Amino acid sequence: MIVVMKPGSTPQQIEHVVNLVREMGLKDHVIQGTERTVVAVIGDDRHKDRSRFETVPGVEKVVPILAPYKMASVEMKKERTEVPIGKAGSLGGKKIGVIAGPCSVEDRTQILEVAHAVKEAGAIGLRGGAFKPRTSPYAFQGLAEEGLKYLAEARDKTGLAIVTEVMSIEQIPACVEYADVLQIGARNMQNFNLLSAVGETRKPVLLKRGMSATLEEFLLAAEYILARGNQQVMLCERGIRTFEDYVRNTLPLAIVPELHRRSHLPVVVDPSHGTGKTHLVDGMCRAAVACGADGLIIEVHNDPEHAMTDGAQSMTPKMFKDMMTAIKRIALAVDREV
Ligand code: PEP
Ligand code: MN
């Protein structure tokens, strides 16, 4: 449930509500809006007496939240969440944020070269995996901390925010130290311990949809992070597994407006993993912007043919630049900017 305070309610009245919530064995989360404050009550409140709040001075009403994901829902928060990433910009506002870079950090020269190219074309974030989730244990697993250091150097040189995947709880401290955004990969979307652990940090999280997760499971995964107090969550659609085999994954763009209908969190689209084919990425970037995406994350490599991972879906810097020019025009048509 959420306890909606009257406009002008006093800090003492809010504190009184918070104390009552705790007394009932539930968790509180105070959201200070521009006009009024609401107290989100977290936990299983189905058998709790909601009317106890209704008589408290300063309380306007008590609203049950019907969606199983509560913190993520629009019932809880009407205004859209804007997530700043590093000093580079934000996602979730009028401006569409583009994150680009190689699938994996391969060496220092590669990451610096790509960083400069995507920055020049208008990206605000640099992606690159230092810890790679690979299907085969014999495949390249990433440069680990060495890769994180190259990413941090690229941020120092370009000002881009660093987005990198964290695969396990033990990797969190290093990623927090070097990166600006923690990416949770599709294969870890339901690694609940990992979700809770990134929820304890105060770094923005880019949560990728599991390849066979439903929309509700996706939002409940986000809820794990939000419930631990980390409000800076971005939802990323990266394609799902279907019977279709002309693509690596099927990119269901209808999820963008549907997520916006149900949640206040920014929605990012990954057309690289969403198609698996370079020649399809440009079209899907345009479509994602047209249907309301708040951000894009795109794989760009300076030499896709020799990429250690995901070369077949990586754009060259030139393709990326042309795509950026195209989406600027599309963004204007849907009242956004890039
Ligand atoms: C990636 O971003 O390179 C990646 C492994 O993505 P996903 O988790 O969506 O497969
Ligand atoms: Mn990849």
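Asn 193 is found in helix 6, where helices (H or I, at least four residues) and strands (E, at least two) are DSSP runs numbered from the N terminus. At 59% relative accessibility, Asn 193 counts as exposed, a word that stands for over 50% relative accessible area, while buried means under 20% and partly exposed lies in between, with a 1.4 Å probe and protein chains only. Asn 193 and Arg 52 are 141 residues apart in sequence, and their C-alpha atoms lie 34 Å apart in space. The model is predicted, so that local features need pLDDT of at least 70 and side-chain atom pairs count only at pLDDT 80 or more, whereas totals for chains, interfaces and linings use all residues. Residues are numbered from 1 along each chain as its sequence is written, chains are lettered from A and ligands numbered from 1 in the order in which they are written, and side-chain values use heavy atoms, with hydrogens and water left out.

The protein is divided into domain 1, residues 2–63, and domain 2, residues 83–333, with bounds that come from an automatic or database domain assignment. Taken over C-alpha atoms, the centres of the two domains are separated by 36 Å.

Ser 196, with a relative accessible area of 11%, is buried; leaving out residues up to four places away in sequence, Ser 196 touches Tyr 224 and Arg 228, where contact means heavy atoms within 4.5 Å.

How do helices pack against each other? Two packed helices are described by the angle between their axes and the distance between the axes. Axes are lines fitted to C-alpha atoms, for helices over the stretch in contact, and angles run from 0 to 180 degrees between N-to-C directions. The axes of helix 6 (residues 192–200) and helix 7 (residues 215–227) come within 6 Å and cross at roughly 40°. Helix 6 and helix 7 are therefore oblique to each other, since angles under 35 degrees count as roughly parallel, over 145 as roughly antiparallel, 65 to 115 as roughly perpendicular and the rest as oblique. Their crossing is right-handed, meaning that the near helix is turned clockwise from the far one by less than a right angle, with anticlockwise giving a left-handed crossing. On the side of helix 6 the contact is made by Phe 192, Leu 195, Ser 196, Val 198 and Gly 199, and on the side of helix 7 by Ala 221, Tyr 224 and Ile 225. These residues divide into six nonpolar, two polar and no charged, with Ala, Val, Leu, Ile, Met, Phe, Trp, Tyr, Cys and Pro counted as nonpolar, Asp, Glu, Lys and Arg as charged, and the others, Gly among them, as polar.

Helix 10 (residues 278–290) and helix 11 (residues 317–333) pack at an angle of about 20°, with their axes 9 Å apart, and that makes helix 10 roughly parallel to helix 11. The contact joins Thr 278, Asp 282, Cys 285, Arg 286, Val 289 and Ala 290 of helix 10 to Met 319, Met 323, Ala 326, Ile 327, Ile 330 and Ala 331 of helix 11, and its residues divide into nine nonpolar, one polar and two charged.

Helix 3 (residues 108–121) also packs with helix 11 at an angle of about 20°, with the axes 9 Å apart, which makes helix 3 roughly parallel to helix 11. Here Ala 117, Val 118 and Ala 121 of helix 3 meet Pro 317, Phe 320, Lys 321, Met 324 and Lys 328 of helix 11, and the residues of this contact divide into six nonpolar, no polar and two charged.

Leu 251 is found in the loop between strand 12 (233–237) and helix 8 (255–262), and with a relative accessible area of 13% Leu 251 is buried. Ala 144, in the loop between strand 8 (125–127) and helix 4 (145–158), has a phi near 55°, a positive value in a residue other than glycine, and Ala 144 is partly exposed at a relative accessible area of 27%. Asp 335, in the segment after helix 11, has a positive phi near 65° and is exposed, with a relative accessible area of 60%.
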